[in-house]
Amino acid sequence: MPSSNEQPIPAARPVIGEEEIEAAVRVLRSGRVVQGPEVAAFEEEFSALVDGRHCVAVNSGTSALHLLLMALGVGPGDEVIVPSFSFAASANVVRLVGADAVFVDIEPDGFSLDPAAVEAAITPRTAAIMPVHLYGHPAAMDRITAIAGKHGLAVVEDACQAHGAALNGTPVGAFGAGGTFSFYPTKNMHSLEGGMVTTADAETARTLRLLRNQGMETRYANEIVGANMRLTDVAAAVGRVQLGKLDGWTEQRIANAAYLTEHITAPNVVTPPVAPGARHVYHQYTVRVRGDRDAAMAKLTEAGVGNAVYYPTPIHRLKPYWEPDQKAGRSWDLPETEKAAAEVVSLPVHPSLGQGDLERIAAAVNALGENL
């Protein structure tokens, strides 16, 4: 148990400071609270994070993925290649547009799509590949975009956990036909709730703006069938404040991760790898536990170290996917996905940690020893 004067270290800690509160109040007092100047400014400022791409703000990361697939024309009869080791939203949006999710395994030493498995899964019905930059580590975008180019496929980046991540100097969200980000409160930056779509194509950006606003650019002049997925100006104002702090927070996350990687020496705990040329922004610091994971997590909790599993059940085993596949006689052979889901544990890495917190985390992990 932690000593009486030691508080438990939370696995994540959303930041809402006075600047965020002041920004929200300022917008509320202005009376311009939906799809106004704050949203436009947030989009323009976020563009600098993705090599100047067009940015379209929406009400969630899931909406961002959903609208991007719609804007690209993905629909019934199409297949989209996705990892099963991800949050369900990655596949849910494929179903929501009427397409089929084709689950592909992850790389043995990482947590993102295996490019060789991606290429093997391509069929005449494949319309897009959706790499997920899981935990803040960029997927193998150099190889995935090459495969997509060879087969004429769209690449839809799920960068909802990877604000500021990059591969060989190119930021995530700037590789494919479009990228998506989430601003949920536990993400590396947030807007209370919200999302962003990025694209290099001006026409795709215009379509996205129509889709998020009932299909209209001019009031009552509806051009296409759309939805209401607008971001509020209150959320955008909070997001702008958070965006200004993102670089500093990211450097702190990277420094915290570096300390943990250096000081965690437990023989049955594998620290997260970083691919050559990758900038990992550590939305989560995710280790693999080779042994009794439940026992390890219980000991960490007893020591006052927050921990969690993202994600204990691969998407293809969730009821909305498992039951239809069973009825259709379809199964997925994803050994690396199954292995990761059984081994992963995420530890605190957020920028609110102090040096004492980092020392406690490393000590608690090392105390697990070999008997797991």
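Which glycine takes a positive phi just after α6? In this predicted model, the residue is glycine 152, with a phi of about 70°.

**Helix α6**

- Helix α6 spans residues 141-151, and its buried residues are Met141, Ile144, Ile147 and Ala148.
- These residues lie on the same side of α6 because they cover an arc of only 130° around the axis.
- Gly149 and Lys150, on the other side of α6, are exposed.
- The packing partners of the buried α6 residues are α5 (115-121) together with the strands β4 (126-129), β5 (154-158) and β6 (166-167).

**Packing of α1 with α8**

- Two packed helices are described by the angle between their axes and the distance between the axes.
- For helix α1 (residues 18-30) and helix α8 (residues 233-263), the angle is about 155° and the axes are 8 Å apart.
- Angles over 145 degrees count as roughly antiparallel, and α1 and α8 are therefore roughly antiparallel to each other.
- The crossing in which α1 passes α8 is right-handed.

**Residues in the α1 and α8 contact**

- From α1, the contact involves Glu19, Glu20, Ala23, Ala24, Arg26, Val27 and Leu28.
- From α8, the residues that meet them are Asp233, Val234, Ala237, Val238, Val241, Gln242, Lys245 and Trp249.
- By class, this contact of α1 with α8 comprises nine nonpolar, one polar and five charged residues.

Note on methods:
Residues numbered from 1 in each chain as written. Predicted model: local features only at pLDDT ≥ 70, side-chain atom pairs only at ≥ 80, totals over all residues. Heavy atoms only, no water. Buried < 20%, exposed > 50% of the residue type's maximum accessible area, 1.4 Å probe, protein only. Helix = DSSP H or I, 4+ residues; strand = E, 2+ residues; numbered from the N terminus. Arc of directions from axis to C-beta. Contact = heavy atoms within 4.5 Å. Axes fitted to C-alpha atoms, helices over the stretch in contact; angles between N-to-C directions. Parallel < 35°, antiparallel > 145°, perpendicular 65-115°, else oblique. Left-handed = near helix turned anticlockwise from the far one by under 90°. Nonpolar A, V, L, I, M, F, W, Y, C, P; charged D, E, K, R; others polar.
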